Structure formats: structure tokens, C-alpha cells
Amino acid sequence: MKKLFLILALLSASPASAACYADYKAKQDNPLRLHYGVIELPDSACTVAAARGQIAARLRADGWKLLNVVSVFDESGLAERRASAGPFYLRY
């Protein structure tokens, strides 16, 4: 009976959720500085609307202001954005 319970528990376990990422644009004033970055997000913030608050809060800690969230994507979109994000690739 215990073996059956264990097998059923393992089969019903939910699969690991896919990673969630977003690319965004941000700025600093005086002097004006702009950057494009890629950031990892929790599953709960895996929409453009939900990502805005998460990203803005992380950037604000270093004096950056979020301009916009370009898109939200899974790990399959990371490689193509790495070069464009440069030092802001997964920095925040």
C-alpha cells in the first residue's frame, strides 16, 4: 500500500515550471543614461503587466527608472538577447 501511495504521489507531482524572463528599457537622469536589460522573474510576474512592478522596484534600488517592459519570455529567448543586454543581462 505504501509503495502504491508513493507511486501515485510521484506521478501526480506537478512538473517544474518554466523559467520566466523579461527584457526592458530603463534610464537615469543627470546625466541621461539609457540601458536595455534582461531580468529573471518569479512565475507570479510572468506577464508584462505583472513584470512592471517587479522590474521597477529592482531598478529603483540603483537609481534607474523603468521606461517599458518590451516582452516576457521563457529561457528559449535568452541567447538571442544576451549580446544586446551586455552588462545588464540578468544583472537585476
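Here is a short walk through the disulfide, the salt bridges and a nonpolar surface patch of this predicted model. Residues are numbered from 1 along each chain as its sequence is written, and side-chain values use heavy atoms, with hydrogens and water left out. Since the model is predicted, local features need pLDDT of at least 70 and side-chain atom pairs count only at pLDDT 80 or more, while totals for chains, interfaces and linings use all residues.

Let us start with the covalent link. The structure holds one disulfide, a term that stands for a pair of cysteine sulfur atoms within 2.5 Å. Its partners are C20 and C46, with their sulfur atoms 2.1 Å apart. The pair links distant parts of the chain, 26 residues apart: C20 sits in strand 1, and C46 in the loop between strand 2 and helix 2 (48-60). Helices (H or I, at least four residues) and strands (E, at least two) are DSSP runs, numbered from the N terminus. The link of C20 and C46 is right-handed, with 105° about the S-S bond. C20 is buried, at a relative accessible area of 1%, whereas C46 is partly exposed at 34%. Here buried means under 20% relative accessible area, exposed over 50%, and partly exposed in between (1.4 Å probe, protein chains only).

Now to the charged side chains. Side chains of opposite charge can pair when their charged atoms come close. A search of the whole structure finds three salt bridges, each being a side-chain nitrogen of Lys or Arg within 4 Å of a carboxyl oxygen of Asp or Glu. In one of them, R81 pairs with D23, the closest N and O atoms being 3.1 Å apart. R81 lies in helix 3 (residues 78-85) and D23 in strand 1, so this pair ties together parts that are 58 residues apart in sequence. Both R81 and D23 are buried. R81 also meets E80 in a salt bridge (3.8 Å, N to O), and E80 counts as exposed, at 62% relative accessibility. Another salt bridge joins D29 and K27, with 3.4 Å between the closest N and O atoms; D29 is partly exposed, at 48%.

Finally, look at the surface. L32, L34 and L67 form a nonpolar patch there, with about 330 Å² of accessible area together. Areas come from the Shrake-Rupley method with a 1.4 Å probe, and for residues only the protein chains shown count as cover. Patches are made of residues with over 30% relative accessible area and no salt bridge: like charges are joined within 9 Å, nonpolar side chains (Val, Leu, Ile, Met, Phe, Trp, Tyr) within 5 Å. L32 is found in the loop between strand 1 (20-28) and strand 2 (33-41), and L32 counts as exposed at 59% relative accessibility.
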